[in-house]
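Let's take a friendly look at how the parts of a protein model can meet. Have the picture ready and follow along.

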Number of protein chains: 2
Amino acid sequence: MRRDDRGVTPQSEDFSAWYNELVTKAQLVERGPAKGTMVIRPYGYRLWELLQAELDRRIKDTGHENAYFPLLIPESYLEREAQHVEGFSPELAVVTHAGGKELDEPLIVRPTSETIVGEMMSRWISSHRDLPLLLNQWSNVVRWELRPRMFLRTTEFLWQEGHTAHADEAGAMAETMLALDLYTEVARDVAALPVVPGEKTPGERFAGAERTFTIEGMMRDGKALQAGTSHYMGTNFADAFQIQYTSQAGRLERCHTTSWGMTTRMIGAIVMTHGDDKGLVLPPRLAPYQVVIVTIGRGEEVRAAARELADRLRAAGVRAHVDEREHLSPGYRFHDWELRGAPVRLELGPRDLESGTAVMALRLGEEGKRPIPLESADKILPGVLDGFQAYLLRRATEFREARTRAADTWQEFTGAVAAGWAAATHCGSAACEDDIKAETAATPRCVPLDGPPGSGACVRCGQPAAYGRRVLFGRAY
Amino acid sequence: MRRDDRGVTPQSEDFSAWYNELVTKAQLVERGPAKGTMVIRPYGYRLWELLQAELDRRIKDTGHENAYFPLLIPESYLEREAQHVEGFSPELAVVTHAGGKELDEPLIVRPTSETIVGEMMSRWISSHRDLPLLLNQWSNVVRWELRPRMFLRTTEFLWQEGHTAHADEAGAMAETMLALDLYTEVARDVAALPVVPGEKTPGERFAGAERTFTIEGMMRDGKALQAGTSHYMGTNFADAFQIQYTSQAGRLERCHTTSWGMTTRMIGAIVMTHGDDKGLVLPPRLAPYQVVIVTIGRGEEVRAAARELADRLRAAGVRAHVDEREHLSPGYRFHDWELRGAPVRLELGPRDLESGTAVMALRLGEEGKRPIPLESADKILPGVLDGFQAYLLRRATEFREARTRAADTWQEFTGAVAAGWAAATHCGSAACEDDIKAETAATPRCVPLDGPPGSGACVRCGQPAAYGRRVLFGRAY
C-alpha cells in the first residue's frame with residue numbers, strides 16, 4: 001500500500017465515501033465477485049468473532065441451545081405464511097438446478113429460517129413439557145440487494161437467529177424482550193453503542209410478526225441504523241406449520257413463537273459510530289489488537305523488548321500485537337494503526353528502552369502522547385483500555401443526545417431530522433408515515449421503551465397521537 | 001418418546017440400520033426437507049462446537065487467521081481450473097434466479113472455496129513480504145449427493161477449510177503436513193479416534209491437487225472413513241488465478257498453495273468408532289454432558305443435592321447435567337443416557353443422600369456400578385473422565401490393529417478387506433485399483449506416513465510394487 005493510498009475522504013465532505021473507503025482500506029472487507037457479496041478479511045472477521053463470543057455466551061447463559069438448520073429451503077415452505085413470503089419474495093435467491101438436473105421444486109437459499117425451524121418445531125414439540133423450546137443458530141443468509149453497501153446491506157450476511165416456542169403469549173413476549181435486552185447490553189457494554197431499544201410501528205414490522213422490537217443506533221452523520229431486532233410472531237408461524245402441544249389440562253394448544261437476529265451489520269455500526277477522519281476507532285472489547293507496539297529503528301534489542309512486553313500484556317489479558325515492519329517508517333506505521341483503529345499504540349525505540357519506558361498514544365482523546373514505564377505497562381494498560389471503552393460510550397451517548405430533539409412543530413421536526421433524530425408525537429397511520437418519508441426521508445425508527453409519555457396531536461397531520469409517547473424519527477441506513 | 005421406540009437394531013444385524021436409527025434417536029440429527037440436507041439438533045451441534053473450539057484454537061496457535069468468503073461463486077471461476085471443475089461439476093447446486101430475475105451468469109453455491117479464495121489471494125499478494133498467507137474459514141458447503149447419509153454424505157455440511165499461499169513448494173508442503181498433524185492430533189487426543197495419517201494414491205486425489213493427504217479411521221464394521229484431508233495444490237490454482245509475488249531478488253514468481261478441511265463427518269466417525277448396541281459412546285472431551293446426574297424419587301431434597309453437586313462439578317471444569325424428569329422412571333432415564341452416550345451417570349436418591357454417596361456407572365467397561373462419596377465427587381470425576389477418554393482410544397486402537405492384516409497373497413487380501421483393512425504392496429496403477437474395487441469393494445485408503453517399508457510385487461497383478469511401502473486397502477464410507 002502506498003502512503004498516498006491510505007487517506008480517506010473526510011466525513012464532513014462525503015460521509016458515504018468516507019465509509020466505503022475506510023472499510024476497505026482498513027482491511028475489514030472487500031467486495032466479492034457476485035453482486036453485493038462481501039469477503040470479510042481477517043481483521044474484520046476477528047472483530048465479528050469477538051462480538052460472537054460475547055453474544056453467544058449470553059445466549060447460552062439464558063438457556064438457549066445452538067442448532068443448525070439447512071441452507072436450502074423448499075419454495076413451498078415460504079409460501080405457507082402469507083405475509084412472510086410477500087415480504088421476502090423480491091429478495092430471494094433460487095436454486096433451480098442441482099446435481100446436473102433441473103429440480104422438481106426450486107430451493108430457496110435461506111433469507112431467514114422461520115419456515116424450516118417452524119417445520120422442525122412441529123415435529124419436536126408435542127407436550128407442554130417440551131416448552132419453552134429455546135433455539136439459536138449462527139449462519140449465513142442471502143437476501144438480494146439492489147443497492148448493496150458493505151456490512152450494512154449485503155446480498156449475503158452472517159448472523160445469529162434465535163427461534164423459540166412458548167406455551168402462551170406471556171412467555172413469548174417475555175422472551176422477545178429478553179432477546180432485546182441481550183442486544184441492548186451487547187451493543188452498549190461491548191460495542192460502546194448507546195442504542196435506543198423500542199418497538200417498531202406497524203409499517204416497519206418484520207414480515208409475519210405481530211410485534212417487532214429494535215435497537216437503533218445513531219451514526220456520526222446523524223442517521224439511524226437498526227442494529228438488532230426481536231419479533232413476537234403470535235401464532236402466525238404456529239398456524240402455518242402446526243406447532244402445537246398438549247397442555248397440562250390435556251387440550252391441544254398452539255404455540256406462540258419468537259425470532260430475533262443480530263448481524264455483521266454491527267461492524268458497520270461500530271465503524272460509523274466511533275470512526276473519524278483518521279480512520280476506525282475500535283472499542284477495546286472488540287478490537288482485534290487492543291495495544292499495538294510499534295518498534296522504532298532496526299535493533300534486535302528493541303524487537304526482543306517489544307515481544308517480551310507483548311507477552312506480558314497477553315498474560316494480563318490484553319490483545320497485544322508487535323508491528324516490526326522495519327521496512328516501513330514509524331510515521332507510516334503510526335498512521336496505519338490510526339487508520340485501523342487500534343485503541344492504544346505504544347512506541348518503543350532505543351531511547352525509550354534506555355529510560356525504561358514506552359510512549360503511549362491513545363487513538364482518541366486530548367491526552368496526547370505520554371511515557372509509561374515498561375515495568376508496569378501490564379498493570380496500567382487494562383485500566384487504560386477500560387477507560388477508553390467508557391470514553392467511547394460516553395462520547396457516543398453525548399453525540400446522540402445532542403442530535404436528538406423533541407419536535408412539537410413541523411418546522412422543528414424537519415430541522416431535527418436534517419441533523420439527527422426527532423422525538424415527536426405521531427398519529428400512527430401508515431399513510432402519514434409515508435408522507436413524512438416523502439417530505440424528509442425520515443422514517444419512524446421506534447417507539448422507545450423508556451421514553452417519556454407523550455400525547456396530543458400528530459406532528460405532521462394534527463390527528464390525535466398514538467402510542468402514548470413520542471416516536472423517534474430519523475433518516476436511516 | 002415411548003420406551004419401545006428407543007431401541008436400535010444391533011450392529012451385528014445391520015450396521016447401517018444401527019447407525020441411521022441411532023443418530024436420529026440420540027437426537028443428534030434429523031433429515032431436512034431438501035434431499036440429503038440435515039438438521040443438526042442441539043445435542044449434535046454442541047458436539048460440533050466442542051470439536052470446533054479444539055480445532056480452531058490449534059489453527060490460530062499455528063498462525064492462521066479466520067476470514068469469510070462468499071457462499072455464491074460465479075460459474076466462470078470454477079471453470080478456470082480444469083480438473084477442479086471436472087471433479088465438482090456433477091455435485092453443484094446452481095442459483096439461476098435472484099431478486100425476481102434470471103441472472104446473467106449463474107452462481108454456484110460453494111462446494112469448496114479454492115476458486116474464490118484464489119481470486120482474492122491474487123489481489124492481496126504482491127510481495128514476498130505478504131507470504132505465507134495463512135487463512136481459514138468456518139462455513140457451510142453444498143455438494144449434491146445421490147446417496148446421502150446423515151453426517152457422512154450430506155448435500156450440505158459444515159466444515160473448516162484452510163487456504164494458504166507460500167513462496168515455494170517446500171513452504172507449501174510443510175504447511176500441508178502441519179495441517180495433517182493438527183487433524184491427527186485432534187482426532188486422536190480429542191475424539192479418541194486412532195486415525196492413520198497417510199497419502200492418497202493418485203486416483204484418490206482432490207480435484208486440482210498435486211498431492212492429497214488424509215487421516216483414515218476404522219469404524220466398528222471394519223470399514224474406513226476419511227476424516228480429514230490436506231492438499232498440496234502445487235501452482236495449479238496460482239496459475240488459474242495468477243497468484244504471484246515479487247521475490248526478494250525482484251522476480252515475479254508464482255505461489256504454491258494448499259487447502260485442508262475437516263467436516264461434520266467427524267460426528268459420524270465418532271458414532272461409528274465408539275458406539276455399541278446400547279447407543280452412542282461419546283469421548284468425554286466432546287460429550288455435551290460428561291456427567292449426568294439422574295435423580296431418583298420425587299424429593300425436593302434430592303433435587304437440591306443434585307443441583308449442588310452439578311454446580312460443584314461445573315466449578316471443577318466438568319460439563320454436568322441434572323436429569324430431573326420425574327415423570328419418567330429412573331430405568332427409562334438410565335437407558336436414555338446410555339442411548340445418548342453420556343460417559344458417566346450418577347444416580348442420586350434418598351438412600352444415597354443418607355449415606356453421603358452417589359452411584360456411579362460408566363458408559364463402557366467392566367467396572368460396573370460403584371458408590372462414590374458426594375463430598376469428593378468433584379475431585380474424583382475429572383480423573384474418571386480422563387481415564388474413560390484414554391480407555392476409548394486404547395479400545396479403538398486395539399480394534400483397528402486386530403482388524404488390520406498384512407496381506408501378501410490375494411487370498412489374504414480378500415480375507416483382510418472383508419473384515420477390516422489389508423496392508424499390501426501395490427503397483428500403483430489406476431486400472432489395477434479399479435480391478436480390486438470391482439472384485440472386493442475395497443479401495444486404497446492411504447499410503448501410511450509411518451508404515452514400514454514394503455517392496456516386491458503387487459498383491460493383485462504381480463507387477464513391481466510402487467510407493468516403497470505397503471498401502472492400506474479397505475472398504476470405505
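Which residue is the bridge partner of A93(A) in strand 5 of chain B? The partner is A98(B). Keep in mind that this is a predicted model.

That bridge leads us to the place where two chains meet. Strand 5 of chain A, residues 93-98, pairs with strand 5 of chain B in the antiparallel sense, and the pairing runs over five bridges. The contact between the chains draws 42 residues from chain B and 42 residues from chain A. On the side of chain B that touches chain A, strand 5 (residues 93-98) gives the most, with six residues. Sorted by class, that side of chain B has 27 nonpolar, eight polar and seven charged residues.

Now let's move to a contact inside chain A. Helix 9 (residues 300-315) of chain A packs with helix 12 (residues 377-402) of chain A, and their axes are 9 Å apart. The angle here is about 55 degrees. Angles under 35 degrees count as roughly parallel and those from 65 to 115 as roughly perpendicular, so helix 9 of chain A and helix 12 of chain A are oblique to each other. Their crossing is right-handed. Here are the residues that make the contact:

| Helix of chain A | Residues in the contact |
|---|---|
| Helix 9 | L309(A), R312(A), L313(A) and A315(A) |
| Helix 12 | A377(A), D378(A) and L381(A) |

By class, this contact of helix 9 with helix 12 in chain A has five nonpolar residues, two charged residues and no polar ones.

Technical notes
Residues are numbered from 1 along each chain as its sequence is written. Chains are lettered from A and ligands numbered from 1 in the order in which they are written. This is a predicted model: local features need pLDDT of at least 70, side-chain atom pairs count only at pLDDT 80 or more; totals for chains, interfaces and linings use all residues. Axes are lines fitted to C-alpha atoms, for helices over the stretch in contact, and angles run from 0 to 180 degrees between N-to-C directions. Helices (H or I, at least four residues) and strands (E, at least two) are DSSP runs, numbered from the N terminus. Angles under 35 degrees count as roughly parallel, over 145 as roughly antiparallel, 65 to 115 as roughly perpendicular and the rest as oblique. A crossing is left-handed if the near helix is turned anticlockwise from the far one by less than a right angle, and right-handed if clockwise. Two residues are in contact if their C-beta atoms, placed from the backbone, lie within 7 Å. Ala, Val, Leu, Ile, Met, Phe, Trp, Tyr, Cys and Pro count as nonpolar, Asp, Glu, Lys and Arg as charged, and the others, Gly among them, as polar. Two strands pair if DSSP finds at least two bridges between them.
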